[in-house]
Amino acid sequence: MKKLIYWGLGGISMILLSFTPKVNQDLLDLQDPTIEDIVKSYKKAISEWPKPTIDYGVKWQEFAPIKTDSTFFEEQDKPNVILGKTLFFDPKLSQSNQISCSSCHDPEMGWSDRRHVALGNNHLQGNRNTISLYNISERQLFFWDGRAKTLEEQAAGPLGAHHEMAMDVKTLPAKIQALKGYKPLFKNAYGDEKVTYDRIVKAIADFQKTIKSQPSRFDKFLEGKYNAMSDEEIYGMHIFRTKARCMNCHSGQYLTDESFHNIGLTYYKRKYEDLGLYNITKKAEDVGKFKTPQLRDLLLTQPWMHNGLFGELEGVVNMYNSGMHMIDPSPEAKQQDPLYPVTDPLLKPLKLTKEEKKALVSFLEALSGTKYKMRRPEFPVE
């Protein structure tokens, strides 16, 4: 009798299982997954993907696609944005009347300048690479050292810097007020023709908020179009999320943790020294820390890093593959000099194979999707 019950229960179980949707075998259950297995594990809902390699205590977010900005052209027609765009491209905002915001943030160059470091007034060089303006409205702090807390502060920074636009910002409003062509622009934007410094930087910031990346093949893949990325790119995304440990700093919709890290490029007490966040906080633990950049539209925004040292993705991958702890101080040296920078412990030797590095580069290239290049507007000349 018991045997009949067991057989009956077994038969019922088999019937129920036949109506249960088949679930793909989890990648972790496979003893030695092939690249084909890995690629297959990502061709499904993001919530079912293999978990990324994340260090304890690290806050991260899952990837999320960006959408096409359906309101872009409507935004461009708003009076405050029209004014901001005009000011952004107008070199008369500089002391020499030769340098505009767009000199370093050129729409033809991914809203950057393609230089190692910025070039400004009197051809003076800065000591940092120009950060692209793509998706700048999504940032929480601005500049490599986070010294600006608002987009308006960011827009104001270069205006008075001696090696950038070198403008006496106290005289700037009067200079712009004297140009008849700006009167209707300010009136349309603010209700009257009065020009103030705050209005100038607010309008520029309002314009910058409209500079956004367009969806890439990566975004299409995230939305379920699984033929949008090649198998090599998908495999590279897996390496990015796991063995390469990139998700510890580059996660979420814009692939950044909005934080600061020392990746070993401080040049402490050497030529090109840059102490980064420490210059703002004066905290020893912040020496050599720089803002984690967003990774979208990488192919349009090189060279990379705060000093523009890297112009090829292969070089970036090789750098991180090394672990970057070659110049860490000994305990004795750190005790003698508390400011001696220590590379972030999140960085470790990765031991990536040639195939893995190639796939990782392919994935990084898939993050670029923007093709639209904004035309320069006409600005008042008198």
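Leaving aside neighbours within four places in sequence, which residues is D106 in contact with?

Author: This is a predicted model. D106 is in contact with W111, S112 and R376, once its neighbours within four places in sequence are set aside.

Start with the location. D106 lies in a loop. That loop runs between α5 (101-104) and α6 (151-160). D106 counts as buried, because its relative accessibility is 12% and the cut-off for buried is under 20%. Across the protein, buried residues make up 48% of the 382 residues.

Now the domains. The domain assignment gives domain 2 as 71-209. Domain 1 comes in two pieces, 36-66 and 214-367. The C-alpha centres of the two domains lie 29 Å apart. They do touch: 25 residues of domain 1 are in contact with 21 residues of domain 2.

For contrast, take K351. K351 also has a loop position, between α14 (331-336) and α15 (354-365). K351 is exposed, because its relative accessible area is 70% and exposed means over 50%. Its contacts include K243, N321 and E356, not counting residues up to four places away in sequence. K243 is 108 residues away from K351 along the chain. Even so, the C-alpha atoms of K351 and K243 are separated by 8.6 Å.

An unreviewed UniProt entry places the feature "domain: Cytochrome c" at residues 231-368. In the model, that span is 31% helix and 3% strand. Its end C-alpha atoms lie 17 Å apart.

Step back to the whole protein. There are 15 helices and two strands. The C-alpha trace spans about 100 × 60 × 35 Å along its principal axes. Among contacts with a separation of 6 or more, 68% join residues 24 or more positions apart.

Last, surface and charge. The protein exposes about 20800 Å². Carbon and sulfur atoms supply 55% of that area. The protein has 52 positive and 49 negative charges.

D106 is a buried loop residue, and its contacts beyond four places in sequence are W111, S112 and R376.

Methods: Residues are numbered from 1 along each chain as its sequence is written. This is a predicted model: local features need pLDDT of at least 70, side-chain atom pairs count only at pLDDT 80 or more; totals for chains, interfaces and linings use all residues. Side-chain values use heavy atoms; hydrogens and water are left out. UniProt positions are given in the numbering used here, feature names are shortened, and annotations may be inferred rather than shown by experiment. Helices (H or I, at least four residues) and strands (E, at least two) are DSSP runs, numbered from the N terminus. Buried means under 20% relative accessible area, exposed over 50%, partly exposed in between (1.4 Å probe, protein chains only). Contact means heavy atoms within 4.5 Å. Accessible areas come from the Shrake-Rupley method with a 1.4 Å probe; for residues, only the protein chains shown count as cover. Lys and Arg count as positive and Asp and Glu as negative; His and the chain ends are not counted. The place of a charge is taken as NZ of Lys, CZ of Arg, CG of Asp or CD of Glu. Domain bounds come from an automatic or database domain assignment.
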